[in-house]
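User: I have a structure open and would like to go through its architecture with you. Could we start with the strands and then move to the core?

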Amino acid sequence: MQPLAEITTDTAILRKQSRRVDRRHNIEPVISKMRHLMQQHFGDMEPVGLSAIQVGVDLQIMTLASEGDHGPPLFILNPSLTKTRGTQMGDEMCLSVPGRQVRIRRPYQVTVAGMNDLRRPVRYRFKGFQARVCCHELDHLKGVLITDHETGEQ
Ligand SMILES: [Zn+2]
């Protein structure tokens, strides 16, 4: 697969720790870029989540497709994982790590607190696939990639 225009595959960028968003940061440009990319197709892949670092911005901003793909994507700024329950195993791919698929154990359910794109406090509880996507994006904010989870576990 070709590297994707506008979504970086550069590990020097992807390995950065994202910084907390504060009131000085103008986040509108990166949010509108992420919103746009969430509507694109990349080969046969459609994004189900993205983090700002994937477009080269090291701020703690992530987005997830809404459940069942109805409605606009959710944005979470400065997310923190406050609770997890259960586990699930499943395969993950990443637009920043083209051509790789890694089997990863994740919590089955997560609770995440942060702010939405209007900087209002939000708290979400995700299950199943959305919980998996949420954990994947939280990893990006810490500079962690799917290949870091390779354990040989089937
Ligand atoms: Zn990813």
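User: How many bridges join β6 and β7, and in which sense do they pair?

Analyst: In this predicted model, β6 and β7 pair in the antiparallel sense, over seven bridges.

User: Which sheet order do the strands follow?

Analyst: The order is β1-β2-β3-β6-β7, an open sheet of five strands with antiparallel pairing. Its edges are β1 (49–51) and β7 (121–127), each of which pairs on one side only. On average, neighbouring strands are turned by 35° against each other, direction ignored.

User: Which strands does α2 touch, and what angle does its direction make with that of β2?

Analyst: Helix α2 packs on the sheet and touches β1, β2 and β3. The angle between the direction of α2 and that of β2 is about 25°.

User: Let me turn to L74. Where is it found, and is it buried or exposed?

Analyst: L74 is found in strand β3. It counts as buried because it has 20 C-beta neighbours inside 10 Å, and the threshold for a buried residue is 20 or more.

User: Which residues does L74 touch, leaving aside those up to four places away in sequence?

Analyst: With that exclusion, L74 touches T63, L64, S66 and Y124. As for M115, L74 lies 41 residues from it in sequence, and their C-alpha atoms are 10 Å apart in space.

User: Now the largest nonpolar core. Which residues touch the most other members?

Analyst: I76, V110 and C134 do, in a core of 25 residues. The elements that supply two or more residues to this core are α2 (28–37), β2 (61–64), β3 (74–85), β6 (109–115) and α3 (128–141). The most comes from α3, which gives six residues.

User: What does V110 touch, again without residues up to four places away in sequence?

Analyst: The contacts of V110 are L81, K83, T84, F126, A131, C134 and C135.

User: Back to α3, then. How many of its residues are buried, and which are they?

Analyst: Helix α3 is mostly covered, with 11 of its 14 residues buried. These are Q130, A131, R132, V133, C134, C135, H136, E137, L138, H140 and L141.

User: How far does α3 reach, and what span is expected?

Analyst: From its first C-alpha to its last, α3 reaches 21 Å, which is close to the 20 Å expected at 1.5 Å a residue. Just after α3, G143 takes a positive phi of about 80°.

User: Stepping back to the whole chain: how many helices and strands are there, and what pattern do they follow along the sequence?

Analyst: The protein chain has three helices and seven strands. Read along the sequence, their pattern is α-α-β-β-β-β-β-β-β-α.

User: And the overall dimensions: what is the radius of gyration, and what would a compact globule have?

Analyst: The protein chain has a radius of gyration of 15 Å; a compact globule of 154 residues would be near 15 Å, so the two agree. Taken along the principal axes, the C-alpha atoms fill a box of roughly 45 × 35 × 30 Å.

User: Last topic: what percentage of the residues is buried, and what share of the contacts with a separation of 6 or more involves residues 24 or more positions apart?

Analyst: Buried residues make up 30% of the 154 in the protein chain. Of the contacts with a separation of 6 or more, 64% are between residues 24 or more positions apart.

Notes:
Residues numbered from 1 in each chain as written. Predicted model: local features only at pLDDT ≥ 70, side-chain atom pairs only at ≥ 80, totals over all residues. Core = buried A, V, L, I, M, F, W, Y, C linked by C-beta atoms within 7 Å. Buried ≥ 20, exposed ≤ 12 C-beta atoms within 10 Å, placed from the backbone. Helix = DSSP H or I, 4+ residues; strand = E, 2+ residues; numbered from the N terminus. Contact = placed C-beta atoms within 7 Å. Expected span 1.5 Å × (residues − 1). Rg over C-alpha atoms; globule rule 2.2 N^0.38 Å. Pairing = 2+ DSSP bridges. Axes fitted to C-alpha atoms, helices over the stretch in contact; angles between N-to-C directions.
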